[in-house]
Structures are given as structure tokens and as C-alpha cells.
Amino acid sequence: MLVTPLATRASAGPLTQALAAAPELDTGTLVCLTGRWLGGRSIIAWAPTRVLLASCPPDAPVSGGSGTALGGGWFGWQAYDEDGSWWGYFETVLRQDAAGAWWLESIAADATPAALAVQAAVVDDIVERTGARPGQHQRPRFHSVSRTARDAHLAAVERAIAAIRSGALYQVNVCARFDGRLEGSPLDLFASGLVALRADNAAYAAYLHTPSKTLVSFSPELMLERQGRRVRSEPIKGTRQRTVCGDRLDDPDAVLLRRSAKDRAENIMIVDLMRNDLSRVAEPGSVRTDKLLAIEPAPGVWHLVSAVSATLAADRGPLDLQTASFPPGSVTGAPKIRAVALIAELEGRPRGAFTGAIGYHAANDTSVLSVAIRTFEFDTRSTDTRSTDTRFELGVGGGITAESVPMLEWQECLIKAAPLLRLGGVVAETDGLSQPDGVDPSAGLLETMLVADGVVVGLSDHLARLSSSAVELFGRQLPADLAGDLTAAARAVLPEIQRPTASPLRQRLRLVITDSGAPEHTITALGPRPVPLRLQPGPGRGGPWRH
């Protein structure tokens, strides 16, 4: 591996822009990774010598180099879906260290110190000629932006909750999609996003331009980091809107997230899943949880972040590790196989690169992969990195558990998308928790339950559904002892003596919740069965159907 220093100390975004515009370089394929990638380094690469449209590269190069120098290797992404992955093998890369110095590094078999010095001089000349200063990008603009229909997403969340309550799984990640067009270049969007989101911890920012597709990612989540046989993952699960700029952990929004039983459970489930994934390729007994439920900022939100580490087994390599951990548990659910199957049923369209992995396997025996969230996906189909008016997709989602409130899950999607859409001048609607049309709050919420021989049938499901509506419509939780009160009330009306041959005693329990005051219930006998009715579809699922 050969290494030579550069004179420039330009930041990653402007330097990538300068190189993309330089006619003397072949930047039809161009990669920039910046942020926390393996110790706070930035990497720029262009002109790969090999390209593979495969989920994983066939081998992870090791050149004998070590320490901070990368030298080169496989850079790219693994799509969530079976098709759509891209990996390029780069034999020469630019690396910026944590101190801001740039190095040109090469693992090419025919590389010489003299040739590398000439190439470094070319890059320095490009920087001196262009200036490569922050803020030189054109302001990107989004137009024709559309999104998943709210009611469609709410219906998907409802179905997910029903599957969880039936025992099919514990958690599943349900996503919504935004589509639109970009006036300007994806590279300008990347550079402007690095500036706008600098204080928001877009820790694993990435720009990957290929002749057919371009990714612009501001992901905060580490899927895998490997140094030799040591492996680390930092799953994110649990979200609250961050209304105050900054990273003070006493922010009221951060405090609410820390206290949320639902978000904590959501995170712990995925930590268990990640421990299981790593154990498949790790030395027995080496998997450990290093950090649990830490509060960290991300673009527009607070997240709960945990960390799991392990030692890779001697007979396992980096590609075994990637395969065992894919797709990431934080964007699928638990158990993973059942969650992936349910996602295919609920979302109705391929995810593409979204919720896949972005990163590299380098020649110094290191690998870093981020989770491809907060990621724009552009259909470029051009070798011109300055292309304009390009179609894009942006995915956002959240983990659904038995305690999820559908409207709050929808709001979480909008909150996550908002800071990214603002990069293109779009102010996203937040769809506040106002009363749906047709709802009379003064009438309250009515839940009717069957009581059979003094037992309320399906009580937990009834109260879970009722609790979801009460939180959304009234902003209040059900009393903690409500289930016990209803159980006791149902037993109290059971006659003391029933003949063994008597038919089951069937009664009706009606529970009413209003925006204030205590819950009220009544238990009455069931009358004769009503005359059968014929049902037919209504005009649609608008308005208050969820309640």
C-alpha cells in the first residue's frame, strides 16, 4: 500500500464537488463518505476498476496494510431487495483523517510513489483552481413531491398491530415513501445537507454516484463496524421529535423519550435481535451489550441508541458477517424472517436501497456499513454528476409494537422526513392530532365486550385498541387499574350457583371513555340473537374509521 499527503485541507463536500467538475478526472462513478466512518474519517473515490451488481462483493481485500490507511477496497451498497445492489472496487482513494489532513492511498499493483505524487499534485491543483470552499453549491429545490397516503399507512400500521397481538411477531418496521423531483444536482444536495445538518449528527453521510443510480444519505445509524475480528453495531430504535436545537439531554423531548416504555421495549427487542445475528458468526461467549438506551440527537429527532459488540469467529470473514446481519434488524423487526414477510404484504412496493446498507470493505482489514435510512435515491441513468431535474425517492418509517398508536406512528414518519425535505425548500405538513371529521369528542369512545361466565373475552385486545384511540383523540392514557376493575365487575355479576349443564352465561359489557372524567361501564344480559344482516362495502376508509 502506497500513501502520499495532499496540501489541501478542504472539507469533504466541497472537495467532492471540485473533483466531480474537473474534466481531467473520470468521475462518472464517484463516492464520498464523511462523518463518523471508522473514527471520524472522510473517504472519496472515483474510477473503480471492477463493478459488481451483487448483494455482497465476492471477497474482502486485505493488502497487508494496517492502521489508519485504507488503501482502497469495495465501496457501495446492498439493497434491501434482492436486486439493486452495487459495489465498486477502488484501488486508489482519498482519505481525510480526524485532524483534517488528506492522504492519497493506493493498493494498485502497478502504483509507484512517483505516479501517486503526480496524482496528488493533480488533486491539489484542482482544489487551488476551484477554491473548494463550503457554500459553493447551488441551492437544490424539490418539486412535484408526493407521499404515501395517510390512510394507507394507518391501515398498514393497524394490520401490523393486529399481527403482533395475534402472536405472529413482536415488532415490525412499517415505512412510508416520498417521491418527487430535484431541480439541481444530487451532489449539490449532498454538499448543502452536510452544512445544514452538521449540528444534527448525520453521522454516516454518504454520496454514491453511479451511471444509473445515485444515493445521498444522511444516516445516523451504524449497522456494522469491523476492525480485524472485532465487530460493533449500534442499532437505533425509539424516536421523539427534537423541538429545541442542540444536544442537551435535559431537553423535555429527550426526557419524554427516556421515560417511554414503548420506545425502550422497541429498542431492547432489536438489541436482542442484533445479539442473535452476531452470535451466528461470532466466537461463543463474545457477544456483549456495551451501551443500552442512550439518548442521542439525529436530524430533527432524538433517538434511543444501543451498542452490541462481538469477536468474529476465526473461520468467518467480513462477508459472512454482512450476510448474517442483513437486512438490519432495526428496519425489519423481530423475529426477522416473519417481519420481512409481513413488510412485503404491508408496503406494496420494493424498498430499493432504502433500509439496506451503505459502506465499504477496505484493504486494511476493516469494514463499515451504515443503515440506509434518511437516504435519497435518484434515478440518474447518466454519467453527468451535474444532472438536473432528477426523480427521487425518500423512505421513512418506524417500529410498530403492540403499544403503537397509528396516528403517532404516521407523525413519526413526517417528523423524520421534515429536515430532509427542508433541504429542497419543502415544508412538510405534520398532520397534527386534530379531531377527524365525524368525531364528536363529547360522546366519548365506546367499546363493547362479551362477558362469558364472568370472564371478559379478549379484554387485553379491547383495551389496547381503546388506549390507542384515547391517546390520539384525547391525549390521555387509560387508568392503570382499568383491566382489574373490569375483571372484578364481570365476576361480581356472575350468579353464585350455576348448574354444570347450564348454557354459558353471556353478557354485554359497555365501556365509555371521554376526554375527562373516570371511565364508565355497564354490564347487561344479552337478548335474543338479532336477525342476520347482509353487509356491503362502504364508500372508503376516510374520517374516523380507526376509532
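This note goes through the structure in numbered points, from the whole chain down to single residues.

1. Basis. The model is predicted: local features need pLDDT of at least 70, side-chain atom pairs count only at pLDDT 80 or more, and totals for chains, interfaces and linings use all residues. Residues are numbered from 1 along each chain as its sequence is written, and side-chain values use heavy atoms, with hydrogens and water left out.

2. Overall picture. The protein has 11 helices and 26 strands; helices (H or I, at least four residues) and strands (E, at least two) are DSSP runs, numbered from the N terminus. The C-alpha trace spans about 100 × 50 × 45 Å along its principal axes. Of the 547 residues, 54% count as buried. Buried means under 20% relative accessible area, exposed means over 50%, and partly exposed is in between (1.4 Å probe, protein chains only). Among contacts with a separation of 6 or more, 73% come from residues 24 or more positions apart, where contact means heavy atoms within 4.5 Å.

3. Strand E3. All 5 of the 5 residues of strand E3 (residues 42-46) are buried, so the strand is largely enclosed by the rest of the structure. In a regular strand the side chains alternate between the two faces of the sheet. Ser 42, Ile 44 and Trp 46 lie on one side of E3, Ile 43 and Ala 45 on the other, and all are buried.

4. Partners of E3. Two strands pair if DSSP finds at least two bridges between them. Strand E2 (residues 30-35) pairs with E3 in the antiparallel sense over 4 bridges, and Leu 33 stands opposite Ile 43. The hairpin of E2 and E3 has 6 residues between the strands, and in it Leu 38 takes a positive phi near 45°. E3 is also joined to strand E7 (residues 92-96) by 3 bridges, again antiparallel, with Ile 44 opposite Leu 94.

5. Helices H1 and H2. Two packed helices are described by the angle between their axes and the distance between the axes. The axes of helix H1 (residues 12-21) and helix H2 (residues 113-130) come within 10 Å and cross at roughly 100°. Axes are lines fitted to C-alpha atoms, for helices over the stretch in contact, and angles run from 0 to 180 degrees between N-to-C directions. H1 and H2 are therefore roughly perpendicular to each other (65 to 115 degrees). Leu 15, Ala 18 and Leu 19 in H1 meet Val 123, Ile 126, Val 127 and Thr 130 in H2. The residues of this contact divide into 6 nonpolar, 1 polar and no charged. Ala, Val, Leu, Ile, Met, Phe, Trp, Tyr, Cys and Pro count as nonpolar, Asp, Glu, Lys and Arg as charged, and the others, Gly among them, as polar.

6. Helix H4. In helix H4 (residues 186-196), 8 of the 11 residues are buried, so this helix is largely enclosed by the rest of the structure. The buried residues include Pro 186, Leu 189 and Phe 190. At the start of H4, a side-chain oxygen of Ser 185 reaches to within 3.1 Å of the backbone nitrogen of Leu 187.

7. A four-stranded sheet. An open sheet of 4 strands has the order E24-E23-E25-E26, with antiparallel pairing. Its edge strands, E24 (455-456) and E26 (520-525), each pair on one side only. Strand E25 (residues 506-513) is joined to E26 by 6 bridges, and Leu 511 stands opposite His 521. Helix H10 (residues 459-474) packs on the sheet, touching E23 (445-452), E24 and E25, and its direction makes about 175° with that of E23. Helix H11 (residues 482-492) lies across E23, E24, E25 and E26, running at about 25° to E26.

8. Backbone points to check. Most residues other than glycine have a negative phi, and most peptide bonds are trans. The bond from Phe 326 to Pro 327 is cis, with omega near -10°, and so is the bond from Ala 334 to Pro 335, with omega near -10°. Ser 144 in strand E9 (residues 141-147) has a positive phi near 55° and is exposed, with a relative accessible area of 56%. Leu 293 in strand E16 (residues 288-298) has a positive phi of about 60°, but Leu 293 is buried, with a relative accessible area of 13%.

Key:
A polar contact is a pair of N or O atoms within 3.5 Å; within protein, one must be able to donate a hydrogen and the other to accept it, and residues adjacent in sequence count only if both atoms are side-chain atoms. Angles under 35 degrees count as roughly parallel, over 145 as roughly antiparallel, 65 to 115 as roughly perpendicular and the rest as oblique.
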